[in-house]
Amino acid sequence: MNEDIIRQIKSLPPMPDAVRQIQLICNNPSSSVADLIKVVEKDPPLTANLLKAANSPLYGFSREITTIAQAVTLFGMATVKGFAIASAVKSSFKMDLSPYGLTAADFIRISEEQSGFMVRWFGRVNRGMLDILAPASFLLEIGVVVLSEQAKQTGRSRELHERLLSRGETPVSEVEKEFFGMSSFEVAALLFEHWNFEEMMTSAIAHIQNPAQAPEKTRPYAYPLALVRMIISLYEAYTPDRLEAARGLLAEAGLKEEGFMEAIPLERRPKSS
């Protein structure tokens, strides 16, 4: 394990009080949507992000959303928790992903596409599981931010960028292991542990590359995360090869193909589905 990366993670500040309050509310069965709305309304950046997302085609709401009460009610508590965590996490870092050939805007777009797909998909399959899947899908790529910073600190930004450009069929995670001894998903799991996220969330992202090897109770969460990452990666989304691979993983996980395909944007959906 890369000791420099571990030290970097340990130096990060804890989650803001507002996020901790939101986590407590969402994890308390006695809490209500009204309790959550009160906390969210006190956080202007989160309020703005929620309303922007609610009116984005990514989430498929059919009418304009103008109030936080509407947004929280439509999204549900689990997805709002995901927004809150993602917003706080991203504000903890300098978003310079140039070693990966990405901009901050690219990173945010990819994160929103991944989380939007998960919410559309599991909102129909098992909405209760979004308590873990929604925040985790927002943060699938957060380890890339840490590895980018590590590349810059060690003077290897250009080297990493050129290796990623020339990787061919080599997975990005393998390139990361060449450079850092660990993948961005392993880094994300360490971040989740540092921030005291739910054990299930940490375990699920730690096994995203090998969901079949996850503990039995983790597999129902690891497979959906792996599937979202499979069809929406850092550099491409919804390609025929990725969709075909996703069909195989859906069968392995025992998940229905129909609901998964329906979550794909119409313009990107295979004609045969």
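Trainee: Which residues are buried in α12?

Mentor: In α12 the buried ones are Ser184, Phe185, Val187, Ala188, Ala189, Leu190, Leu191 and Phe192. Keep in mind that we are looking at a predicted model.

Trainee: And how much of helix α12 is covered, taken as a whole?

Mentor: Helix α12 runs over residues 184-194 and is mostly covered, with eight of its eleven residues buried.

Trainee: What do the buried residues of α12 pack against?

Mentor: They pack against α1 (3-10), α9 (142-153), α11 (172-180), α13 (199-206) and α14 (219-231).

Trainee: What sits between α12 and α13?

Mentor: There is a loop there, and Asn196 has its place in it. Asn196 has a positive phi of about 60° although it is not a glycine, and with a relative accessible area of 66% this residue is exposed.

Trainee: Is Tyr238 buried or exposed?

Mentor: Tyr238 is buried, with a relative accessible area of 9%, whereas Asn196 is exposed. Tyr238 also belongs to an aromatic cluster, which it forms with Phe117, Trp121, Phe122 and Phe260.

Trainee: How many aromatic pairs are there in the whole structure?

Mentor: A search of the whole structure finds eight aromatic pairs. Take Phe179 and Phe180: their ring centres are 6.1 Å apart and their planes stand at 45°, so the pair is tilted.

Trainee: Why does that angle make the pair tilted?

Mentor: Planes under 30 degrees apart would count as stacked and planes over 60 as edge-to-face, so the 45° of Phe179 and Phe180 falls into the remaining class.

Trainee: Are Phe179 and Phe180 buried or exposed?

Mentor: Phe179 counts as buried at 12% relative accessibility, and Phe180 counts as buried at 6%.

Trainee: What is Gln150 in contact with, apart from its neighbours in sequence?

Mentor: Leaving aside its neighbours within four places in sequence, Gln150 is in contact with Asn2, Asp4, Ile5, Gln8 and Phe180. Gln150 lies in helix α9 and is buried, with a relative accessible area of 3%.

Trainee: Switching to prolines, where does Pro135 lie?

Mentor: Pro135 lies in helix α8, where it is buried with a relative accessible area of 0%. Beyond the residues within four places in sequence, its contacts are Ala78, Lys81, Gly82, Ile85, Leu130 and Met201, and Met201 is one of the buried residues of α13.

Trainee: Is Pro44 buried or exposed?

Mentor: Pro44 is exposed, with a relative accessible area of 60%, and lies in helix α4 (residues 44-54). Its C-alpha atom is separated by 29 Å from that of Ser148, which is 104 residues apart from Pro44 along the chain.

Trainee: Zooming out, how many helices and strands does the chain have?

Mentor: The secondary structure of the chain comes to 16 helices and zero strands.

Trainee: How does the radius of gyration fit a compact globule?

Mentor: For 273 residues a compact globule would have a radius of gyration near 19 Å, and the chain has 18 Å, which agrees. Along its principal axes the C-alpha trace spans about 50 × 50 × 35 Å, and 51% of the residues of the chain count as buried.

Trainee: What about contacts between residues 24 or more positions apart?

Mentor: Such residues account for 64% of the contacts in the chain with a separation of 6 or more.

Key. Residues numbered from 1 in each chain as written. Predicted model: local features only at pLDDT ≥ 70, side-chain atom pairs only at ≥ 80, totals over all residues. Heavy atoms only, no water. Buried < 20%, exposed > 50% of the residue type's maximum accessible area, 1.4 Å probe, protein only. Helix = DSSP H or I, 4+ residues; strand = E, 2+ residues; numbered from the N terminus. Contact = heavy atoms within 4.5 Å. Rg over C-alpha atoms; globule rule 2.2 N^0.38 Å. Phe/Tyr/Trp six-rings, centres within 6.5 Å; stacked < 30°, edge-to-face > 60°.
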